[in-house]
Amino acid sequence: MPPALSRLTLTSTSRSSVTAVTENRSHPTDHSTPPPPNPVTVLGLGPMGRALAGALLAAGHPVTLWNRTPGRDAELVERGVRTAASAAEAVAAAPLTLLCVRDDDAARAVLDAAGRSLDGRTLVNATSVGPDEARASAALAARHGARVLNAAILSPTPTIGRPTGVIVCSGDEAVFDAHRSELSALAGTVNHVGADPGRAAAYDTALLDLFWTTAHGLLHALALARAEGLSAAEFAPYAQGLPRMLPALIDDWARRADDGRHPGERATVASAAAGLAHVARTARAHRLDTGVLDAALALTERAVAAGHGADGVSALTETAATTPPASPGR
């Protein structure tokens, strides 16, 4: 309380009045209305593009859509989105545009179609591409005057707009910060991972490498089990044990890869080669496709030949980082 007020002899009523005044001065009431959510444009209405648009709508953002193939926006139009007649018109409708199309060729075609409408606006390219393609597309959009982020969506379509969704972005961090509220509507985890435009795509590419080689391994194992008279349903409960091993294995092998040390006290590259060899023989005996197995065995045998036989299996990261010798006659 200010000194002048503290010297007054106050009645109970005046005390209440002064208390109310001082409380109001200390805690002013904010009657301002928060700004409405920013409008966003989405280019591309495949399954992921539709999910992104739906998540933005659910968060209250006005959304404008454009897709090269018409007819995929009916459900979203019923929910209140606006459709544009061209990519340029769609980009002009919002300060932020999300691009999510099939591949890099499609992304570059859409960027060229949008042209100078990108000037002064922000583009988030969420198309699944390789790191070099992401850098080239970012440079193309920048030549059109856009501020650019590349985004890699690291979780499946049903997670978009939910706490389980994961997206990483790379590019100018100030641009990321400026649009954090819109991006946070798309997933529970949205991280900036570096200034290099290709860095987000590097996460995506490495994870797709892990997923598809794992998926092919599972599907081939099911085929092998069935060839040996085991139903896939009989085999599945035993396959479930492997994923439970992966979290610790991933952390251990990641640490070894970064350290460049691969002790073989638990399992060696030579033992892995022996195991792969008998799996491949069994698969060939049943006339199964052994292309993936043969490639894995060739890499492992090359590691043994390079002197890694007694090393831990994580030493295969060293061999995988080198180019195999050319076959005779090539």
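Just after helix α12, G260 takes a positive phi of about 70 degrees. The model is predicted, so local features need pLDDT of at least 70 and side-chain atom pairs count only at pLDDT 80 or more, while totals for chains, interfaces and linings use all residues. Residues are numbered from 1 along each chain as its sequence is written, and side-chain values use heavy atoms, with hydrogens and water left out.

Let us step back into α12 itself, residues 241–259. Helices (H or I, at least four residues) and strands (E, at least two) are DSSP runs numbered from the N terminus. With 19 residues, α12 reaches 28 Å from its first C-alpha to its last, close to the 27 Å expected at 1.5 Å a residue (1.5 Å times one less than the number of residues). At P247, α12 bends by about 40 degrees, the angle between axes fitted to the seven residues ending there and the seven starting there.

Now look for the sheet. Its eight strands form an open, mixed arrangement in the order β3-β2-β1-β4-β5-β6-β7-β8, where two strands pair if DSSP finds at least two bridges between them. Since β3 (82–83) and β8 (189–192) stand at the edges with a single partner strand each, one side of each is left without a neighbour in the sheet. Strand β2 (residues 63–66) pairs with β3 in the parallel sense over two bridges, and L65 stands opposite T83 in β3.

Finally, visit V175 in helix α8 (residues 173–178). V175 is buried, with a relative accessible area of 8% (buried means under 20%, with a 1.4 Å probe and protein chains only). Beyond its neighbours within four places in sequence, V175 is in contact with T122, R147 and L149, contact meaning heavy atoms within 4.5 Å.

Conventions:
Buried < 20%, exposed > 50% of the residue type's maximum accessible area, 1.4 Å probe, protein only.
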